[in-house]
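Here is a short tour of a protein model, written for someone who is just starting out. Keep the sequence and the 3D view side by side as you read.

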Amino acid sequence: MVKNVEIARVFANIAKILSIKEENKFKIRAYEQVAATIENLPMEVETIYRAGKLKEIPGVGEAIAKKIGELIETGKLEYYENLKQTIPSGVLELLNVPEVGPRKAKLFYEKLGIDSITKLEEAALRHQLQNLPGMGKKAEENILRGIELYKKREERKLLGVALPIAEEIVDQLKSLREVNQISIAGSLRRRKETIGDIDILITSKKPEIVMNKFINLPQVKEVLAEGLTKSAILTHQDIQADLRVVAPDSFGAALQYFTGSKAHNIRLREMAVKEGLKINEYGVFRVSDEQKIAGKEEQEIYNILGLPMIMPELREDRGEFEAALNHQLPQLVNLEDLKGDFHVHTRDSDGFNTMEEILGAAREKGYQYIAITDHSQSLHIAGGLDEQRVLEQIRRIDEINQNISDFQVLKGIEVDIKSDGTLDLSNNILQKLDLVIAAIHSGFKQERTQLMERLTKAMRNPFVNIIAHPTGRVIGYREAYDIDMQEIIRLAAQTNTALEINASPERMDLNDIYVKSAKEQGVLLAIGSDAHQIHALDYMTYGIAIARRGWLEKGNLLNTLSLDDLKARLKKKLKN
DNA sequence: GCCGTTTTCGGCCCGACTGTTTTCAGTCG
């Protein structure tokens, strides 16, 4: 099985090599685009290939379809292998350094034999770069700074890390009289699971005061750039934050432009061109007389093209334009729609707080219910519950529930799906609970067939309501285990099992792409904070981010049901 | 290399900034 990410990487690398070789830039873009498309595909390319439908993937034509076929059949691509002979992989790495693009990478490699970032740094320190054609003293200094920046912020940051910092910064800037409008933009506004940097837009009549405040915020570790229209800082967490000042009558256009995504913006502008319009970060202009006809409000940009406003989370060119044209954009679910949390741990297993503390916090959030789902016995390391302790917990929860009327604690468990595919607790115990979530915590490296068998068995169990963190990935630490997600989604639909959106920032599992796919096949999703302490109950924000990016409406989420409806829905599984 | 309500060739999003130039190339978002 050749994974999508592997195919995508091959095409992305082809694009990079071709760019260094100064090939036709539209050919390069074709490879870049198809790489991005494949990376975002909810289905396995291999499955599509077996069905003979490769060319239905946007951006895949005759030539690329043939290459995909070769990759799948032989595990290799001759065209790519030959290309790699001409440019060492270290030269491609140079492209990751800010200030270094394909032309400079080529220049450094051809003139000085530089084929790694280490060698680039050495050459810059020895001032060998500044004498190259088109280079100079300043350019060399900039490259050294680029290398420093590259070392500091190599990887993308988790949404759960970046968003709170960005909101803190926005709050402090907002307190200034001199700030009129202010908004987060970029991938952070689209709530991507990881972000590159923080983008903030403002309008102000006195930018110098705002900029001064910005570069002196307590969050600032280093000032990277300072100006009246744009400043950039590095926070103590090594996240770059850019602040831009734009004109009030361009704020909407700038916000649209800086929110992206790039693919979304390209589609939008292509549509505009066909209407005799031009869109840039200053506004919408008629081509005929260069008259500006919109720009103050973001919504106008869409409306002028005959589209309703497209919410930032949808702006990935994943069908939002088609949906908008057909008036079929989803009414996205909101945080306020959530009536409860399905995945919480207490001190009884590996959580930090007592059940009582958690229930207090949940009521404060305005929830109607919360499920206590501690680990089961085989997870020794987490103090998992055996049958006796589950029964004990059930008794305590019944007691608590007797004393409250406007809220209910749901008796739950996060039962382990063991390596052999059996569940860690007997059905006899599981049936006494209100809600069972099942999850894999061991045997991540098993063969696909074995993993699929484990999950299939769990979903077919009449008492399992939710599969927790279905792919098992931990961003930056652990790859998803080898499962056929489309098959899991199909089984979930068939068995009336919900799939979890685990809102823990390093998990974010399911991700937006699979969530959208699950929705399309009628599968219910269930957001769980997976909180191990009270403050982590707030992770639901990130769960909602995924839900919205996965096009979910209120009706697609188990968490939006009232307590009565929820209980009825949970029983429905048994009738299968 | 892809794509088509300006279809099988000729297009393919838009602009700012920087540093090196002497009118522009390269990089970035």
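Is Tyr31 buried or exposed? Tyr31 is buried, because its relative accessible area is 6% and the cut-off for buried is under 20%. Please keep in mind that this is a predicted model. The points below begin with the aromatic rings and then move on to helices, loops and the backbone.

**Aromatic rings around Tyr31 and Tyr79**

- A search of the whole structure turns up six aromatic pairs.
- One of them is formed by Tyr31 and Tyr79, which are stacked, with 6.5 Å from centre to centre and 20° between the planes.
- Tyr31 belongs to helix H2 (residues 25–39) and Tyr79 to helix H5 (residues 78–86), so this pair ties together parts that are 48 residues apart in sequence.
- Tyr79 has a relative accessibility of 28%, so it counts as partly exposed, whereas Tyr31 is buried.
- Phe11 joins the picture too: ring pairs link Phe11, Tyr31 and Tyr79 into a cluster.
- Tyr79 also has a charged neighbour, as Lys67 lies over the face of its ring, 4.5 Å from the ring centre.

**Rings elsewhere in the chain**

- What kind of pair do Tyr539 and Tyr542 make? Their ring centres are 6.1 Å apart and their planes meet at 40°, so the pair is tilted.
- Tyr542 has a relative accessible area of 8%, which means that it is buried.
- Trp551 has a lysine over its ring: the charged end of Lys516 sits 4.4 Å from the ring centre.

**How H1 meets H5**

- Helix H1 (residues 4–20) and H5 have axes that come within 10 Å and cross at roughly 40°.
- The crossing of H1 and H5 is left-handed.
- On the H1 side, the residues in contact are Val10, Asn13, Ile14, Ile17 and Leu18.
- On the H5 side, they meet Tyr79, Tyr80, Leu83, Lys84 and Thr86.

**How H8 meets H9**

- Helix H8 (residues 117–125) packs with helix H9 (residues 137–152) at an angle of about 145°, and their axes are 10 Å apart.
- H8 passes H9 in a left-handed crossing.
- From H8, the contacts come from Ile117, Leu120, Glu121, Ala123, Ala124 and Leu125.
- Their partners in H9 are Glu140, Ile143, Leu144, Ile147, Glu148, Tyr150 and Lys151.

- Where is Gln256? You can find Gln256 in helix H13 (residues 251–259).
- Its relative accessible area is 2%, so Gln256 is buried.
- Leaving out residues up to four places away in sequence, Gln256 touches His264, Asn265, Leu268, Glu298, Ile301, Tyr302 and Arg315.

**Cis peptide bonds**

- Gly260 and Ser261 are joined by a cis peptide bond, with omega about -5°.
- Ser261 lies in the loop between H13 and helix H14 (262–274).
- Asp509 and Leu510 are also joined by a cis peptide bond, and here omega is about 5°.
- Leu510 is placed in the loop between strand S16 (498–502) and helix H22 (512–520).

**Positive phi angles**

- Asp238 has a phi near 60°, which is a positive value in a residue other than glycine.
- Look for Asp238 in the loop between strand S6 (230–235) and strand S7 (240–245).
- With 18% relative accessibility, Asp238 counts as buried.
- Asp317 is not a glycine either, yet its phi is positive, at about 55°.
- Asp317 is in the loop between helix H15 (298–303) and helix H16 (320–325).
- Asp317 counts as partly exposed, at 29% relative accessibility.

**An exposed glycine**

- Is Gly522 buried or exposed? Gly522 is exposed, because its relative accessible area is 59% and the cut-off for exposed is over 50%.
- Gly522 sits in the loop between H22 and strand S17 (525–528).
- Gly522 and Thr422 are 100 residues apart in sequence, and the distance between their C-alpha atoms is 27 Å.

Terms used. Residues numbered from 1 in each chain as written. Chains lettered and ligands numbered in written order. Predicted model: local features only at pLDDT ≥ 70, side-chain atom pairs only at ≥ 80, totals over all residues. Heavy atoms only, no water. Phe/Tyr/Trp six-rings, centres within 6.5 Å; stacked < 30°, edge-to-face > 60°. Helix = DSSP H or I, 4+ residues; strand = E, 2+ residues; numbered from the N terminus. Buried < 20%, exposed > 50% of the residue type's maximum accessible area, 1.4 Å probe, protein only. Lys NZ or Arg CZ within 6 Å of the ring centre and 35° of its normal. Axes fitted to C-alpha atoms, helices over the stretch in contact; angles between N-to-C directions. Left-handed = near helix turned anticlockwise from the far one by under 90°. Contact = heavy atoms within 4.5 Å.
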